[in-house]
Amino acid sequence: MNATAGRLLILASLLVSTAGALVAFAAGRSRSAYGLKWAQRFAYLFAALMVGATAVMEYALVTHDFSVSYVAQVGSRSTPLWVTMASLWSSLEGSLLFWGCVLGLYVAVATWLTRNAYEEYMPDAIGVWLACAAFFSFLLAGPANPFVLVPAQLDGPGPNPLLQNHLLMVVHPPFLYLGYVGMTIPFGLACAALIKGKLGPSILKPLRESLMLPWVFLTFAIMLGGWWAYEVLGWGGYWAWDPVENASLLPWLTATAALHSIIVVERRRVLKGWTVTLILATFLLVILGTFMTRSGVFNSVHSFTQSPIGPTILAFLAALLVFSIGLLAMRIDRLEVEGNFESAVSREGMMLFNNLLLVVLTFTVLVGTVFPLVVEAIRGRQMSVGRPYFDTMVVPAAALLVFLIGVGPALPWGKTSWKQIRRAVLPPLIGAMVFLMAGFLFGARNPWTLLTIAFGGYAAQVTLWQMRSPFAQVQRSPRRIAAYLVHAGVVIVMIAIAISSTMRYTQEVHVVKGGTATVGAWTITLAGIEQRDEPNRSATVARFVVAKNGVTKTILEPRMNQYERMREPIGTPDVYSTIGGDFYLSVMNIDPAEQSAAVNVIITPLVGWIWGAVILMGLGGLMALVPAFRFAFAGAPRAAALTLARSDGV
Amino acid sequence: MNPTATFLMRRRSRLFILGAVVVAAIAFTVIAASGISQNLVYYWTPTDLLAAHGKAYGATIRLGGMVTPGSIRRTSGSSAVEFDVQDAAHSVHVRSRGAPPQMFREEIGVVVEGTMVSGGYFQSDRLMVSHNNQYRPPARGHPIDKKEMERLIRSTEGLKD
């Protein structure tokens, strides 16, 4: 029953999105307002069908309808309700259905917000959105059908235990999808601009905002992924340049570059073609990331087993690549250059420099990630690119980016005299010196760490000055304040990463019951080992009393979780977090017979600042959108005019 | 400024930018290529490792195989372990620093990361037992399937850092 209903909804959405895309492109060619209306109706209908199909799947999961193949694959009567509901995105087919649902919502909201405006661009934009929708509907109808009718069984295996093992693993994927899928919207708008051969001032606002929202989600998603790795995997780090992590970082880098270059387009009417290229690249990297994580080419934690879906996504990626390059080749010269680059030492110059650095970073990470695949495809040898490659390549560019966060906003737009430049650029050196000294006193000795801290100090002074300066010539718009909030977040994140990755201390200790071990100022005492039975798992828990300088601070309970259907237990660390840093215990093994445990003690300074500062970045991004939402509902054309008036006023 | 002069200036600056981009791209490619070649990690089985002879010394290797029954020796007073890792044809002696993970035992798939050292054994800094998300009883007495071994080597969870 559920399987049939779901199947029908998916087939209907395939039909609707394909028809809608054709109608939309036809309306784009004939400039028919009537055709556009129909394209919009198809877009809403696609969203309704996808949401319906997802609701059917959730219903099947919650009611344990094991005649639906996906439920038989991930469902279980013994898992808690929240795990059952989150099982939707715990495995391949369900996560693609969830993708379809998110895409439907994005397309519907974007269509609604733009329903009375941008008539020139919208038919083609809706066409591109619905064409992407048709591809995902096709995936769900064929290669990754979650609604196959199977002989019902009494109970299922439950979702991947790693999903059940921590709440963050439940939250991380939705954010990732909201980020990934959302990039479809700016992609459609950028394609429409290319098809029309025009990137006018009116389209910049929806372009910027539709890029900003998924950027915020992706920022959160990357942080949540790192946080999850830190809290669950037990090696005490948060980033390992794993292909799956890189897959989420790559589109983030190009989207960040595009968010900056759009501002240059707004202000100086240059970099139009470049901006459009970045947006196209972002979506291509999203699909590449989907391919890398969903096809099983890299067999890591997030990757799923081999399936026919890999080649299908690869074909889609190839088609997108050909389409994007073709479109750019045919139309990029039509995006007329109105303005001119007057000076390299200016705000726009620094933004261009920032863009180049971000693109270099993207290439570095992309090459390191894809290289092993290429070698294996050509020579059949299996290998991976080690972490030192990424560290040595990425650190200098990242440090320079922090410096640009300082220099860029300090410099004015356009051509300036050297005297003005000196006046803008020299004072923040005080901030750099202060931070450098503080870092040195904190114990930082690694040259790259110290450099990052100094650049961070420079950027911090500029950022604070720009946000609070009473001498500012103009009232700061909420968008500017929002941008500086994001910058402040980035500076904190970079300093926290530099310090936490170079000043980490690890020691392995073996403790018997009642015994203690000392690590630096800290002592841990093994209070006992106990067995706990929970509905979906049993756990062996080592209870440690943690004291610093003889004062008891907390009790940590690193554990081994044994899931019913799994052969091996999963170790789960426990963390005591303070403002200054984290004290982290990860069990290597627990011996209940001998009442002893071997644990890794990991002391990492400032690691908690990363999570906090990324939240600040995300909130800054949302703040940039809030007035935008107000304008959007008040009527888009007027809002665009207002934005223009404001940006031209400086 | 007259239009022709602007046009010429724009063309000159375009050429300049193009040249700069080409130089930067070449420099980047050279740096990236050398960075990659210095930091490769090989995924090998004991047979691959023995076939590589001298190349196995000093290179970073992830060696995957099954722990040979009866080969585990624990050093008293330290958490280090010694054992043999085998595939269908060959076996390699491994010395591993650090306490082994909970599920480490005989006849289980392991991946060790490290290198061959002059004593003729494999010195491992990191020992990982292959996680298998599906329940499957450990295969006993069966020769190891090459496919399965490749899957084990590549399941790199816990091998981060």
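**Two crossing helices**

Start in chain A with α11(A) and α14(A): their crossing is left-handed, as the near helix is turned anticlockwise from the far one by less than a right angle. Select residues 243-268 for α11 and 347-379 for α14; their axes come within 9 Å and cross at roughly 160°. That makes α11(A) roughly antiparallel to α14(A) (angles over 145 degrees count as such; axes are lines fitted to C-alpha atoms over the stretch in contact, with angles from 0 to 180 degrees between N-to-C directions). Helices here are DSSP runs of H or I with at least four residues, strands runs of E with at least two, numbered from the N terminus.

This is a predicted model, with local features needing pLDDT of at least 70 and side-chain atom pairs 80 or more, while totals for chains, interfaces and linings use all residues. Residues count from 1 along each chain as written, with chains lettered from A and ligands numbered from 1 in written order.

Next, pick out the open four-stranded sheet of chain A, ordered β2-β11-β10-β9 with antiparallel pairing (strands pair when DSSP finds at least two bridges between them). β2 (505-512) and β9 (574-577) of chain A are at the edges with a single partner strand each, so one side of each has no neighbour in the sheet. Zoom in on β2(A) and β11(A), residues 596-605: eight bridges join these antiparallel strands. Gln507(A) has Val601(A) in β11(A) as its bridge partner.

Last stop: select Ala496(A), which touches Leu606(A), Val607(A), Trp609(A), Ile610(A) and Ala613(A), leaving out residues up to four places away in sequence (contact means C-beta atoms, placed from the backbone, within 7 Å).

Terms used. Contact = placed C-beta atoms within 7 Å. Parallel < 35°, antiparallel > 145°, perpendicular 65-115°, else oblique.
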